[in-house]
Amino acid sequence: MTDVTVSSALRLHPRVSIRPEPFGALLYHFGTRQLSFLKSPRLLAVVEAVGDAESVGDALATAGVRDEEFPIYLRALGTLRESEMLVERAA
Amino acid sequence: MGHITEPETEVEVESESLVEEVSIDGMCGVY
């Protein structure tokens, strides 16, 4: 899996569309025809914040993720990076 | 005298993955 750290800078891939759902959200990538289920509304908040935030750590803090939850959210972002839902952004 | 017990604060951290991925290739003909 692609490592995502608190200092990574990411943004949503331009060909990804987000559909909010009660359980979190559905992401659809028009390029890879891949669907990702975000199983937490807070993860959706992170994904929405990450493009404007200075770093992934800032996006996690903005979304209200607690420090002890960072590892699981970083792992989730790594999965989304791996499937190109999120892409690297120049910091 | 009774003991004063402090309420336990438990921090729950989800261990399961927050993301599930599905490819829609192969679903042609479903709709």
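Which residue is the bridge partner of A:Leu35 in β1(B)? The partner is B:Val22, and the legends below describe the surroundings of this pair in a predicted model.

View 1. Chain A contains three helices and five strands. Read from the N terminus, its elements follow the order β-β-β-β-α-α-α-β. Its radius of gyration is 12 Å, close to the 12 Å that the globule rule gives for 91 residues, so chain A is as compact as a globular protein of that length. The C-alpha trace of chain A extends about 30 × 30 × 25 Å along its principal axes. Buried residues account for 35% of the 91 residues of chain A. Among the contacts in chain A with a separation of 6 or more, 54% join residues 24 or more positions apart.

**View 2. An open sheet built from strands of chains A and B.** Four strands are arranged in the order β2(A)-β3(A)-β4(A)-β1(B), with antiparallel pairing. From one strand to the next, the twist averages 20 degrees. Helix α1 of chain A, residues 41–50, packs on the sheet and touches β2, β3 and β4 of chain A. The direction of helix α1 makes about 50 degrees with that of β3(A). Strands of a sheet pair through backbone hydrogen bonds, either parallel or antiparallel.

**View 3. The pairing of β4(A) with β1(B).** Strand β4 of chain A, residues 34–38, pairs with β1(B) in the antiparallel sense over five bridges. A:Gln34 stands opposite B:Ser23, while A:Leu35 has B:Val22 as its bridge partner. Chain B itself has one strand and zero helices. Of the 31 residues in chain B, 6% are buried.

**View 4. The contact between chains A and B.** In this interface, 17 residues of chain A are in contact with 12 residues of chain B. Both β4 and α3 of chain A supply at least two residues each to the side of chain A that touches chain B. That side of chain A comprises eight nonpolar, five polar and four charged residues.

**View 5. The hairpin of β3(A) and β4(A).** These two strands pair in the antiparallel sense over five bridges, and four residues lie between them in the hairpin. In the turn, A:Arg33 has a positive phi of about 55 degrees.

View 6. Across the pairing, A:Leu26 stands opposite A:Phe37 in β4(A). A:Leu26 is partly exposed, because 16 other C-beta atoms lie within 10 Å. Leaving aside residues up to four places away in sequence, A:Leu26 touches A:Arg19, A:Glu21, A:Leu35 and A:Phe37. A:Leu35, one of these contacts, is the residue whose bridge partner in β1(B) is B:Val22. A:Leu26 and A:Leu38 are 12 residues apart in sequence, and their C-alpha atoms are 6.2 Å apart in space.

**View 7. Helix α3(A) and the elements packed against its buried residues.** Helix α3(A), residues 70–82, has 13 residues and reaches 18 Å from its first C-alpha to its last, close to the 18 Å expected at 1.5 Å a residue. Its buried residues are A:Tyr73, A:Leu74, A:Ala76, A:Leu77, A:Thr79, A:Leu80 and A:Arg81. An α-helix has 3.6 residues a turn, so residues three or four places apart point the same way. Within chain A, the buried residues of α3(A) pack against β1 (10–12), β4, α1, α2 (56–62) and β5 (86–88). They also pack against β1 of chain B. After α3(A) comes A:Glu84, with a positive phi near 65 degrees.

Technical notes. Residues numbered from 1 in each chain as written. Chains lettered and ligands numbered in written order. Predicted model: local features only at pLDDT ≥ 70, side-chain atom pairs only at ≥ 80, totals over all residues. Pairing = 2+ DSSP bridges. Axes fitted to C-alpha atoms, helices over the stretch in contact; angles between N-to-C directions. Contact = placed C-beta atoms within 7 Å. Nonpolar A, V, L, I, M, F, W, Y, C, P; charged D, E, K, R; others polar. Expected span 1.5 Å × (residues − 1). Buried ≥ 20, exposed ≤ 12 C-beta atoms within 10 Å, placed from the backbone. Rg over C-alpha atoms; globule rule 2.2 N^0.38 Å.
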